[in-house]
Amino acid sequence: MSSVPASAFLALALILFCIGLYGALTKRNTVIVLISIELMLNAVNINLVTFSKYGMAPSITGQIFALFAISVAAAEAAVGLAILIALYRTKKTVNIDEMDTMKN
Amino acid sequence: MENAWLIPLFPLISFLILLLFGKRLKEASAYVGILLTLASLIYSILVLFERFSEPTYVTKFDWLTIGDFHLTAGFEVNQLNALMLFIVSLVSFLVHTYSKGYMHGDERFHVFYAYLGLFTFAMLGLVISPNLLQTYIFWELVGVGSFLLIGFYFYKEEAKAAAKKAFIMTRIGDVGLFIGMALLFWQTKSFEYSDIFAAVDAGQVSGTMITLTAILIFIGAVGKSGQFPLHTWLPDAMEGPTPVSALIHAATMVAAGVYLVASLFPLFSASHTALMTVAVIGGFTAIFAASIGLVQTDIKRVLAYSTVSQLGYMMLALGSAGYVAGVFHLMTHAFFKALLFLAAGSVIHAVHTQDIEEMGGLWKKLKLTGPLFLIGTLAISGVPLLSGFFSKDEILAAAWEGGHPVLFVLALVAAFFTAFYMFRLFFMVFTGEARGNQKHVHESPSVMTFPMIILGVLAVVAGYVNTPWFGTFLGDWLVDGNEALAAHGHHEGPVWIMILATVVSLLGIYLAWLIYGKRSVSRNWLSGSGDMLHTVLLNKYYVDEFYQLTIVAITKGISYFLRFIDTFLVEGIVKGITGFVQGLGATGSKMQSGQVQTYGAVAFIGLALLAVIYALTGGYLR
């Protein structure tokens, strides 16, 4: 089945990661930033799965690891959103550049 | 005598109790102070009587061991110490009692008693110290007590200034004392009095060094005892409450300088120059201060200048090798001067002013204070049969035999001045018509008159312990068992000195009576004929102004210069350094914008750079 080379998967992961990174660093809306982070995580998952198939010593470990990462990411997204909502309630904004209370 | 160390401890306990519980005890603080000083007094009397029959008691323990050298602390009860213990604890007890009436109603009543306790502790500790270092420590402690008590009314600018002045001026003298002490230690390797005297006796110390150390130590005594040229703090110290003036600035602390010279007398007597210096400074101060006292109009200031003058008298006696005369006068002076101050306090208490121009005619109104003040005045003027007469006679005899004829004349003139200004004070305050606003004049309560009566009795009889007629008990006892002192014991002066001294005193009194009592001679008779002289005296010879123009101005100049260096040089460097660090911090804090995305970008760029370096170097930095 595999006529698709490993480099294609890796390129996909790279592109996905770059989009995520770009979004995480530039978007003002915190929801978008969180989604971008999810993109980056998924890019990593693709990498894991790719190497579990085409790596030096192919094994199932990579895929299991990817599953773990997905479930942890789901939990993380839930927590992240909860924090965001709490922040929104106190600050009345979701703009990430206005959340600079760490300054001073 | 083994437990003589308890004597200074009682007032210390009083101080500590009042420090902790004074606020709650309020006016009951007085009882704490009075009872504990009474304990000291009783013990001192016991020690004094014990000392009559037993030899000197010394005990010490190692305090610090530095290499081979053992620094000791302890106490000593010799004749001089036992006598001083008695005088100090007696006057302190009486002043404690008196203050109960005088300070009644004062907001900081308990603080006053606490300070009195501290001072009494320090003074009693000072007089039983067996070595110079311990003496020095207590010496400074009495200075602190004096400072606190002069500045007791600290909300008054004058009191604040006077307290500072007293502290700084005595400190100037203390520098001399400290250097002298250090030099003595360097020469004799000991702070103990006995070791120092032994070394001086054995000729281990060169003559120049003895003179130098003796004069340096005398500078300390000059500061404490208010001798010229460091006398100006003592009259200003009268800003303190009057009982304090009686205790500290008349009877005890200012006598510490005289006591120091007396207890180091073997050192001084080893150097003719040092003795001469003491005598000249003392003689000059005696007449100098007495002449200022002639024209002052503040009752306490007249007494203050009289104290300075009498202390000069004691120094003159010691400097003329009249050891007994000096100590004897110290004792009688403590009694009659404390009496005079307490009586003056009683007068001030009654009329609420210190200006003698506003008093007058108080003899009938103050039935007890008046006669007691008269006793004190008679005693200090050297009227026969009172204590001052005998001690003054002893001093004059010592000055005649041991000193210089000029000094003898100085002492005689000072005696004349003393009689004159004291009776001027007496006549102005107690006779004639009432001047000023005297509505509610009343005699002081008995708690105040009782100490005055005791002192009055002592001012009369204290002289009889050492008279040419009934034996020189005090003199013999003081020099007993001490060969170095025995040579400077009682002076059997010629009879004409005694007669001359009496005539001079009576002349002074007569003149004062003519001018201020009978008023047959105009008050302007003197001041009119020498208007300039009068102004000079009124301004205390411009000594304060002179210091202001010279020493204070120079010191200020130096301090301005140093401040200039400090602001521009030192502070410039410091500001440069802080500016650099602040700039660095500002740059750093700019990076900490709180923008999480910036942080992320920076972290990513850093990671990318590391990856690039890793790739280029193949995993190794070479």
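Modeller: Happy to! Chain B of this predicted model contains 26 helices and 2 strands. Its C-alpha trace extends about 120 × 65 × 50 Å along the principal axes. Chain B has 622 residues, and 52% of them count as buried. If you take the contacts in chain B between residues at least 6 apart in sequence, 80% join residues at least 24 apart.

Now for the pair itself. Two packed helices are described by the angle between their axes and the distance between the axes. Here the partners are helix H16 of chain B, residues 369-381, and helix H19 of chain B, residues 446-461. Their axes come within 9 Å and cross at roughly 30°. Angles under 35 degrees count as roughly parallel, so H16(B) and H19(B) are roughly parallel to each other. The crossing of these two helices is left-handed.

Zooming in on the residues, H16(B) contributes B:Leu372, B:Ile375, B:Gly376 and B:Ala379. Facing them from H19(B) are B:Met452, B:Ile453, B:Gly456, B:Ala459 and B:Val460. Sorted by class, this helix contact holds 7 nonpolar and 2 polar residues, with no charged ones.

Technical notes. Residues are numbered from 1 along each chain as its sequence is written. Chains are lettered from A and ligands numbered from 1 in the order in which they are written. This is a predicted model: local features need pLDDT of at least 70, side-chain atom pairs count only at pLDDT 80 or more; totals for chains, interfaces and linings use all residues. Helices (H or I, at least four residues) and strands (E, at least two) are DSSP runs, numbered from the N terminus. A residue is buried if 20 or more other C-beta atoms lie within 10 Å of its own, exposed if 12 or fewer, and partly exposed in between; C-beta atoms are placed from the backbone. Two residues are in contact if their C-beta atoms, placed from the backbone, lie within 7 Å. Axes are lines fitted to C-alpha atoms, for helices over the stretch in contact, and angles run from 0 to 180 degrees between N-to-C directions. Angles under 35 degrees count as roughly parallel, over 145 as roughly antiparallel, 65 to 115 as roughly perpendicular and the rest as oblique. A crossing is left-handed if the near helix is turned anticlockwise from the far one by less than a right angle, and right-handed if clockwise. Ala, Val, Leu, Ile, Met, Phe, Trp, Tyr, Cys and Pro count as nonpolar, Asp, Glu, Lys and Arg as charged, and the others, Gly among them, as polar.
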